[in-house]
Amino acid sequence: MLIEFTVGNFFSIKEPITLSMVAAKIRSENSSIDENNTFAIEKKLSLLTSAAIYGANASGKSNVVKALRFMQWFVLKSSKESLAGSAIETIPFRLDDASESFPSHFEIVFYYEGVIYRYGFEVNRERVVAEWCFHSPKGKEARLFSRNEDEIYTSRNFKGATGLKELTRTNALFLSVATQFNNETAIKISEWFSRLIIIRGTNSSVITQGNSRMLLENTQYQQLVKSLLRKADMGIDDLNAEKVTISSDSTVRFPDDMPQEVRDYFLQRVKNDQDTIKVHTLHKVEADNGLVKEVVFDIDEESDGTQKFFYLSGPIIESLLGPRVIVIDEIEARMHTLLTRQLVNLFNSNESNTKHAQLVFTSHDTNLLDKRFLRRDQIWFIEKDNEGASHLYSLAELKVRNDASFEDDYLHGKYGGLPILGKLHEMFYFSQEDDCVQE
């Protein structure tokens, strides 16, 4: 379970900002919201089932997701996929000279298999500047290891680390190296990162698509995906999945606008002669003679909204049954607001979220800003200051009455996180004046 995530000096984020999933000591107007949207992991620690991040375009919402994705990638891949001397793909805050000379900062606190871990690192383009890891197996935090550039200290709690310091490159994480050499604690921490599901951008990634397609091979998952699609009122009565072998002799043609990562994924499948899953949807319609006619579509022939819902269904189901943490950037893109609300509500319900999975999402959909749906500590805003730096804060940090209308107050600018718009129509007025002068 995610407890909190902190990032600093990364893209538009200058000073460290923290997204916390710790439930604040507040009470909602409707007590059922508190019961469904929080869960306890220890006597004095309760967490949120979901968190929403709002803000104007270019305010930094996606950079929070991007930072978490970078941290996940660097933990899992830095010792395997980076070469000695290769640059680390982090970009500091660039709107002042001082920040460019400082490292980017990442830290995460999470709960996994009964233990709380706190792990973080600082990196610049050239090297890992610092790295640290602590755990709290008996309530009191204890250090597992710490690193200051090339100096690495390991405690007795981090067993089996002999000889690993010398194998750690300057541009790789010690945790990643320890995982490669089967250190038990490092494997556990890396396992949590590998279970983290992150979906970025309005286009479903190839990983998300493959996830939903492959889940159709599992009977339990297949029934859940079908049930979700039926309840979403998309006119789909059934699904079937057909395994298709792509051979290296096949002629592969891609649409012009297909993302490169999707092309690479399928080309790799061709290279390895692997199987893929072809998904068909079944629609039942009444014909002119009164009989029911069955029409079959390929999933790629469905609307963009239907496709996105299908591609999200796999990761969401996997998260709920895991349980796992899932992070979705622009969750509402291409979907109706009521459908988005239903997806979020899967996590804010003791009936569907029995294992306490967590959802973090960014959104512009203000219909979700509802006191009957989200607690104040589940609602976060991000906005830039005059220097162009992003700041993140929770609605629970502001003085807000329980009976306030979150959506109306937000749209009236009471909470910040809104775009400052000029009068766009005036640009056409001035353009017409210029035409008159020229005449």
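Reader: What's the handedness of the α9 and α10 crossing?
Author: The α9 and α10 crossing is right-handed. Keep in mind that this is a predicted model.

Reader: At what angle do α9 and α10 pack, and how far apart are the axes?
Author: The angle is about 15°, and the axes of α9 and α10 are 11 Å apart. That angle makes α9 roughly parallel to α10.

Reader: Which residues meet there, α9 against α10?
Author: From α9, F309, L312, I316, S319 and L320. From α10, L339, L343, L346 and F347.

Reader: How do the residues of that contact divide into nonpolar, polar and charged?
Author: Between α9 and α10, eight are nonpolar, one is polar and none is charged.

Reader: Where does α10 lie relative to the strands?
Author: Helix α10, residues 337–347, lies across β5, β15 and β16. It runs at about 150° to β16.

Reader: Then the sheet with those strands. What's the strand order?
Author: The order is β11-β15-β16-β5-β17-β18. These six strands form an open sheet with mixed pairing.

Reader: Which strands stand at the edges?
Author: β11 (197–199) and β18 (390–394). Each has a single partner strand, so one side of each has no neighbour in the sheet. The twist in this sheet averages 15° from one strand to the next.

Reader: How do β5 and β16 run, parallel or antiparallel?
Author: β5 (50–54) and β16 (358–363) run parallel, joined by five bridges.

Reader: Which residues make the contact of α7 with α9?
Author: α7 supplies Q220, Y221, L224, V225, L228 and L229. α9 supplies F309, F310, S313, I317, E318 and L321. Nine residues of this contact are nonpolar, two are polar and one is charged. F309 also belongs to the α9 set that meets α10.

Reader: New topic. What's the order in the seven-strand sheet?
Author: β2-β1-β6-β7-β8-β9-β10, an open sheet with antiparallel pairing. The edge strands are β2 (17–20) and β10 (151–154), each pairing on one side only. The twist averages 10° from one strand to the next.

Reader: Which helix packs on that sheet?
Author: Helix α5, residues 184–195. It touches β1, β6, β7, β8 and β9, and its direction makes about 95° with that of β6.

Reader: How many bridges pair β1 with β6?
Author: Six, in the antiparallel sense, between β1 (2–8) and β6 (104–112). Within that pair, V7 stands opposite F106 in β6.

Reader: What do β3 and β4 form?
Author: A hairpin, with two residues between the strands. Four bridges join β3 (38–42) to β4 (45–48), and the strands run antiparallel. T38 stands opposite L48 in β4.

Reader: What's phi at N9 and at A58?
Author: Phi is near 55° at N9, a positive value in a residue other than glycine. A58 also has a positive phi, near 65°. Most residues other than glycine have a negative phi.

Reader: Where do N9 and A58 lie?
Author: N9 lies in the loop between β1 and β2. A58 lies in the loop between β5 and α2.

Reader: Is each one buried or exposed?
Author: N9 is buried, with a relative accessible area of 5%. A58 is exposed, at 61%.

Reader: Last one, the whole chain. How many helices and strands?
Author: There are 12 helices and 18 strands. Of the 439 residues, 50% count as buried. Among contacts between residues at least 6 apart in sequence, 65% join residues at least 24 apart.

Methods. Residues are numbered from 1 along each chain as its sequence is written. This is a predicted model: local features need pLDDT of at least 70, side-chain atom pairs count only at pLDDT 80 or more; totals for chains, interfaces and linings use all residues. Side-chain values use heavy atoms; hydrogens and water are left out. Two strands pair if DSSP finds at least two bridges between them. Axes are lines fitted to C-alpha atoms, for helices over the stretch in contact, and angles run from 0 to 180 degrees between N-to-C directions. Contact means heavy atoms within 4.5 Å. Ala, Val, Leu, Ile, Met, Phe, Trp, Tyr, Cys and Pro count as nonpolar, Asp, Glu, Lys and Arg as charged, and the others, Gly among them, as polar. Buried means under 20% relative accessible area, exposed over 50%, partly exposed in between (1.4 Å probe, protein chains only). Angles under 35 degrees count as roughly parallel, over 145 as roughly antiparallel, 65 to 115 as roughly perpendicular and the rest as oblique. A crossing is left-handed if the near helix is turned anticlockwise from the far one by less than a right angle, and right-handed if clockwise.
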